[in-house]
Amino acid sequence: MNIRKYWGIPNNTRIIISVANLVPVKGIEKLIQAFELLASDFNDWILMIVGDNTTKYGVKLKEYISKKNNLKGKIIFTGRQKNVREFLDIAEIYVQPTLDKGRMEGAPIAVQESMANGKVVIGSNIPGIRDQLHLFPNYLFNAGDISDLKNKLKKYMSNSI
């Protein structure tokens, strides 16, 4: 499947992606809020959220975005996908924004897949993610810290292709 064509994403649009089971501990709202702070300065970027968006949390996230005019067309919820690699292939940045509470991360497969796919992987500085990114400490941000995540995103979104 041609992901860009299917989702109506122009070839010159740059993509941030997160793949997650959409439950609150995954911190996707922090990623959305950080992205929202940058969206107007980075018009050529969109955010794709891959995961079951019919969960209570997923519905809440979509409702939040629907009320934000500055995010219209900037965030795509794909739902659960079997072909995650095809989504990673078109993305430049992968973000794992898991919060530092409750059940956290063991060894997130999506982080490993993204690293193997050559993506910039930005993740919360929590066990599991920190273990996988130990060679890349500059890719870690303080879990739940929207400002820290925004600054990491801005740094890598500012890079040219």
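Modeller: Let's begin just after α5, where Gly 118 takes a positive phi of about 80 degrees. Helices here are DSSP runs of H or I with at least four residues, strands are runs of E with at least two, and both are numbered from the N terminus. Keep in mind that this is a predicted model: local features need pLDDT of at least 70, side-chain atom pairs count only at pLDDT 80 or more, and totals for chains, interfaces and linings use all residues. Residues are numbered from 1 along each chain as its sequence is written, and side-chain values use heavy atoms, with hydrogens and water left out.

Biologist: OK, and α5 itself? Which of its residues are buried?

Modeller: In α5, residues 109-116, the buried ones are Ala 110, Val 111 and Ser 114. They sit on the same side of the helix, because they cover an arc of only 100 degrees around the axis. That arc is taken from the directions from the helix axis to the C-beta atoms. Buried means under 20% relative accessible area, exposed means over 50%, and partly exposed is in between, using a 1.4 Å probe and protein chains only.

Biologist: What's exposed on the other side of α5?

Modeller: Ile 109 and Ala 116 are exposed there. As a general point, an α-helix has 3.6 residues a turn, so residues three or four places apart point the same way.

Biologist: What do the buried residues of α5 pack against?

Modeller: Their partners are β1 (14-19), α4 (84-90), β4 (93-96), β5 (120-124) and α6 (129-132). Contact means heavy atoms within 4.5 Å. The helix lies across β1, β4 and β5, and runs at about 165 degrees to β4. For that angle, axes are lines fitted to C-alpha atoms, for helices over the stretch in contact, and angles run from 0 to 180 degrees between N-to-C directions.

Biologist: Which strands does α2 lie across?

Modeller: Helix α2, residues 28-39, lies across β1, β2 (45-50), β3 and β4. Its angle to β2 is about 170 degrees.

Biologist: Now the sheet. In what order do the strands come?

Modeller: It's an open sheet of 6 strands, ordered β3-β2-β1-β4-β5-β6, with parallel pairing. β3 (75-79) and β6 (140-141) are at the edges with a single partner strand each, so one side of each has no neighbour in the sheet. Two strands pair if DSSP finds at least two bridges between them.

Biologist: How many bridges join β4 to β5?

Modeller: There are 4 bridges between β4 and β5, in the parallel sense, and Val 95 stands opposite Ile 122 in β5. β1 and β4 also run parallel, joined by 2 bridges, with Ile 17 partnered by Tyr 94 in β4. Out at β6, the pairing with β5 is parallel over 2 bridges, and Gly 123 has Leu 140 as its bridge partner.

Biologist: Which residues of β4 are on each side, and are they buried or exposed?

Modeller: Ile 93 and Val 95 are on one side, Tyr 94 and Gln 96 on the other, and all are buried, so to speak of β4 is to speak of a strand covered on both faces. In general, side chains in a regular strand alternate between the two faces of the sheet.

Biologist: Switching topic: how many salt bridges are there?

Modeller: The count is 4, where a salt bridge is a side-chain nitrogen of Lys or Arg within 4 Å of a carboxyl oxygen of Asp or Glu. One of them joins Arg 14 and Glu 92, with the closest N and O atoms 2.8 Å apart. Arg 14 is in strand β1 and Glu 92 in the loop between α4 and β4, so the pair ties together parts 78 residues apart in sequence. Arg 14 counts as buried at 8% relative accessibility, while Glu 92 is partly exposed at 25%.

Biologist: And what does Arg 85 pair with?

Modeller: Arg 85 meets Asp 89 in a salt bridge, 2.6 Å from N to O. The two are 4 residues apart in helix α4, about one helical turn.

Biologist: Last one: where is Gly 51?

Modeller: Gly 51 is in the loop between β2 and α3 (56-66), and is buried at 6% relative accessible area. Leaving out residues up to four places away in sequence, Gly 51 touches Ala 20, Leu 22, Thr 78, Gly 79 and Arg 80.
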